[in-house]
Amino acid sequence: MVSTKPEKNQKEIDISPLSDIIDSSENTCGNLVTPLRCVQWHLACIFTAALTENWQAIVYATLCLYLILQCLPEKETFMGYTNKPFEELDVLDNFLMNAIATDEEVGEAFCRKVLSVLLQRTIGRIKIVAQYTLPAQTPRYRGIRMDVKIEEFDKTTDAPPANVYDLEPHLQENLDLPRHNRFYQAKADSRYMRRGDDDFSRMPNLYVITILNFDPFGKDYMMYTFENRCLEVDSLKYNDGLKFIYFYPDGANGGSGEIKTMLQYLQHSTEENASDESTKELHNYVSKVKTMPEVREEYMRFEEVIAFERKEAAEKTAKATKVQDILELLEDYGPIPSSLQKKLEAIDDIDLLKKYLKLAARADSLEAFESQLP
């Protein structure tokens, strides 16, 4: 936060309107946390420059703020879910991906086709394993199952799977994807070992496949494949059966023409993008699922669930931001007592935190601020 404390020879100015400006920016920007902090910072710069009549700084900060606002996404994304009409959903949208993959009639064929093209090999007998179910709104409709795993078997589905595929789209940036996938890989592995088992050779191979609409590593590759290996001996294989594969539809390097066509269709699932036999087959599955009334109804309810979670997350973010802003103002007067920090973090009333932010802006010491708390 921009320091607004007066210098020794300056006239002290009431800067409490700054918190009102920040409140206004939060209401405008919603829950876009990282851009919001940039907007807040530039608003603070403009306000501070106005107090000192630094017109050059005002023009510069205003121009920067305009550029930031131009870069905000047109469609709001929350936890990887993009808010768009049902008709505009693409396979890369998490809801539609899972709705098709778990459909009893076309799900297995859909998953087998996607995997066979992306991995460039034949996929055998598979079974879709749902980890979480969004319950159906009415008994006659099925629930939408999220976080789908695909198990592949060498022989029958009665035997342990030979391969497990975690196939997930990700539309959310600013995640630490390698550690994010490491966490979910550990959860996936734990399902295939019971307590007391010591025959780890029975564990299936695990492929963590992530499809993104952004380049996760900035090297302009269509696909990035990672395996554990020995750093000292390049030829020494570490056969733990684990692979992480990231696909980026707009990458110029690696992959193949068939993979490129598949990825472009998954990203923009229109009839025009179904340009080869594999994507035409997929488009038939997508069109069929999109005509199901129960899927449309579940999407409407899914949007309600996401809207509720979005509101909760926005409230938590607003509270955390207020607390951080208060602490940053008070840090000018020395170390913050842990008891005071815990007291502020325990407050759930956003209006009370706004009041304390204004008190912190006016206070001339930690003691003066704490004396006004109950």
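Visitor: Is Cys 111 buried or exposed in this predicted model?

Guide: This is a predicted model, and in it the relative accessibility of Cys 111 is 2%. Because a residue counts as buried when its relative accessible area is under 20%, the value of 2% places Cys 111 among those that are buried.

Visitor: How is Cys 230 classed, buried or exposed?

Guide: The limit for a buried residue is under 20% relative accessible area. Cys 230 has a relative accessible area of 19%, so by that limit Cys 230 is classed as buried.

Visitor: How many disulfides does the structure hold?

Guide: A disulfide would require a pair of cysteine sulfur atoms within 2.5 Å. By that criterion, the number of disulfides that the structure holds is zero.

Visitor: Which residues of α5 are buried?

Guide: Helix α5 covers residues 107-119, and Gln 120, with a positive phi near 55 degrees, follows the helix. The buried residues of α5 are Gly 107, Phe 110, Cys 111, Val 114, Leu 115, Ser 116, Val 117, Leu 118 and Leu 119.

Visitor: What distance separates the end C-alpha atoms of α5?

Guide: The helix has 13 residues, and at 1.5 Å a residue α5 should span 18 Å. The model agrees with that expectation, because the end C-alpha atoms of α5 are apart by 18 Å.

Visitor: Which element gives the largest share of the largest nonpolar core?

Guide: The largest nonpolar core has 44 residues, and those with the most contacts inside it are Ile 100, Phe 110 and Ile 211. Seven residues of this core, its largest share, come from helix α5.

Visitor: With which residues is Ile 100 in contact, leaving aside its neighbours within four places in sequence?

Guide: Ile 100 is one of the residues with the most contacts inside the largest nonpolar core. Leaving aside its neighbours within four places in sequence, Ile 100 is in contact with Val 91, Val 106, Gly 107, Phe 110, Tyr 285, Val 286 and Val 289.

Visitor: Against which elements do the buried residues of α7 pack?

Guide: Helix α7 runs over residues 257-267, and its buried residues are Ile 259, Thr 261, Met 262, Leu 263, Tyr 265, Leu 266 and Gln 267. These buried residues pack against α5, β6, β7, β8 and α8.

Visitor: How many bridges join β6 to β8?

Guide: Strand β6 is mostly covered, with seven of its eight residues buried. On the β5 side, eight bridges join β5 to β6 in a parallel arrangement, and Asn 163 stands opposite Asn 205 in β6. On the β8 side, where Thr 210 has Tyr 246 as its bridge partner, the strands β6 and β8 also run parallel, and the bridges that join them number six.

Visitor: Which residues is Asp 166 in contact with, leaving aside its neighbours within four places in sequence?

Guide: Asp 166 is found in strand β5, residues 163-170, and is buried, with a relative accessible area of 5%. Leaving aside its neighbours within four places in sequence, Asp 166 is in contact with Val 148, Lys 149, Tyr 207, Val 208 and Ile 209.

Visitor: Which element of the protein has the lowest mean pLDDT?

Guide: The mean pLDDT of the protein is 77, and 72% of its residues reach 70 or more. Over residues 72-81 pLDDT stays under 50, although the model has 27 contacts beyond four places in sequence for them. Among the elements, the highest mean pLDDT, 96, belongs to β7, and the lowest, 41, to strand β1.

Key
Residues are numbered from 1 along each chain as its sequence is written. This is a predicted model: local features need pLDDT of at least 70, side-chain atom pairs count only at pLDDT 80 or more; totals for chains, interfaces and linings use all residues. Side-chain values use heavy atoms; hydrogens and water are left out. Helices (H or I, at least four residues) and strands (E, at least two) are DSSP runs, numbered from the N terminus. Buried means under 20% relative accessible area, exposed over 50%, partly exposed in between (1.4 Å probe, protein chains only). Contact means heavy atoms within 4.5 Å. A nonpolar core is a set of buried Ala, Val, Leu, Ile, Met, Phe, Trp, Tyr and Cys residues joined through side-chain atoms within 4.5 Å. The expected span of a helix is 1.5 Å times one less than its number of residues. Two strands pair if DSSP finds at least two bridges between them. pLDDT is the predictor's confidence in each residue, from 0 to 100.
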